[in-house]
Amino acid sequence: MVALGGNALQRPEDDDSVAGDFDRTAETARHLRPLIASGEWRVVVTHGNGPQVGNHLLRGELGYEHGATPLLPLDVCVADTQGGMGYMIQQSLANELAAADVPAVVASLVTQVLVDVRDPAFDRPSKPVGESVPEERVAELESRGWTLVEDRHHGWRRVVPSPDPVEVVEAEAVRALVAAGVTVVAAGGGGVPVVQRSDGSLEGVAAVVDKDLASALLAADLQAAGLVILTDVAQVALGFGTPGERPIDRMTVRDARRYLERGEFPAGSMGPKVEAVCRFVEACGGTGVITSIDRCVDGVYGRAGTRIVR
């Protein structure tokens, strides 16, 4: 399983155009191609959607205020971005594989993820969505009911609840597609968060599930050999951003959890990635890797990145 960070589909310095997103996604697909083309692995791809789902929410709110269009619930925004981004990834990957004369079928699946309605995260919004907000707009957006927090790296960001994933509803569908030889794009943006009603039916909720935690859950369901989380740094590091920064080649789950408790990996950046890999390794004994997009293949074969082992 390969989990793509937001920078795999859109760099902060890029424009927000669809053409720009396609260019970046095609570049990411070129890095993934050797992994699929080798024939050694069956690959499932997941992805984040933080900037995209925030922009989708904002478009919906502006349309509601100025164009009499209905408001879009957050769960529908997650589903919409899953579909749109899945389309870009599946087309880009299929084009890359076809150019290399590799026969392949790539398909994206809009995926639901069950969460617990009693999860305390619903009372503590924490997941950043959308682009950074200039300080002069903070009061205006808070008056709309937004919750915003200041990020020392990115200015102000909107935050929404981020409950823990409990179950990937379509895990069996993903398993069937993988068994049929399909390269699957699933659990985009962490999946559409849903809760179970008393009669067993499902209902969407206003939240965003962390895509790395959802990826770990799906990887464990599929008994994947490995979970590779791709981000914008080549390795996890202790003392990140300080003069004493020290990259880590390998750590055990026990070490990783000790560093998490020490606050080495912040909740808004590396923390969920390390936690996700720990959960995957604990669940099925596979190998977890965190590295950059351009080192994806080297990370799988142990030549790059940070490996977390049991």
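The model is predicted, and local features need pLDDT of at least 70, side-chain atom pairs count only at pLDDT 80 or more, and totals for chains, interfaces and linings use all residues. Residues are numbered from 1 along each chain as its sequence is written, and side-chain values use heavy atoms, with hydrogens and water left out.

Colleague: In what order do the 3 strands of the antiparallel open sheet lie?
Modeller: Strands are DSSP runs of E, at least two residues, and helices are runs of H or I, at least four, numbered from the N terminus. Two strands pair if DSSP finds at least two bridges between them. The edge strands, each pairing on one side only, are β5 (127-133) and β6 (148-151). The order is β5-β7-β6.

Colleague: Which residue in β7 is the bridge partner of L148?
Modeller: β6 pairs with β7 (residues 155-160) in the antiparallel sense over 4 bridges. In β7, the partner of L148 is R158.

Colleague: What angle does the direction of helix α2 make with that of β5?
Modeller: Helix α2 (residues 50-67) packs on the sheet, touching β5 and β7; contact means heavy atoms within 4.5 Å. Axes are lines fitted to C-alpha atoms, for helices over the stretch in contact, and angles run from 0 to 180 degrees between N-to-C directions. The angle with β5 is about 70°.

Colleague: How far apart are the end C-alpha atoms of α2, and why does that agree with its 18 residues?
Modeller: The expected span of a helix is 1.5 Å times one less than its number of residues. The 18 residues of α2 should therefore span 26 Å, which agrees with the distance between its end C-alpha atoms, 25 Å.

Colleague: Which exposed residues does the face of α7 turned away from its buried side carry?
Modeller: Buried means under 20% relative accessible area, exposed over 50%, and partly exposed in between (1.4 Å probe, protein chains only). In helix α7 (residues 253-262) the buried residues are V253, A256 and Y259. They lie on the same side of α7 because they cover an arc of only 125° around the axis, taken from the directions from the helix axis to the C-beta atoms. The face turned away carries R254, E261 and R262.

Colleague: Which residue in β8 stands opposite V113?
Modeller: The open sheet β8-β4-β10-β11 has mixed pairing. Within this sheet, 2 bridges join β4 (residues 112-114) to β8, and these strands run antiparallel. Opposite V113 stands V168.
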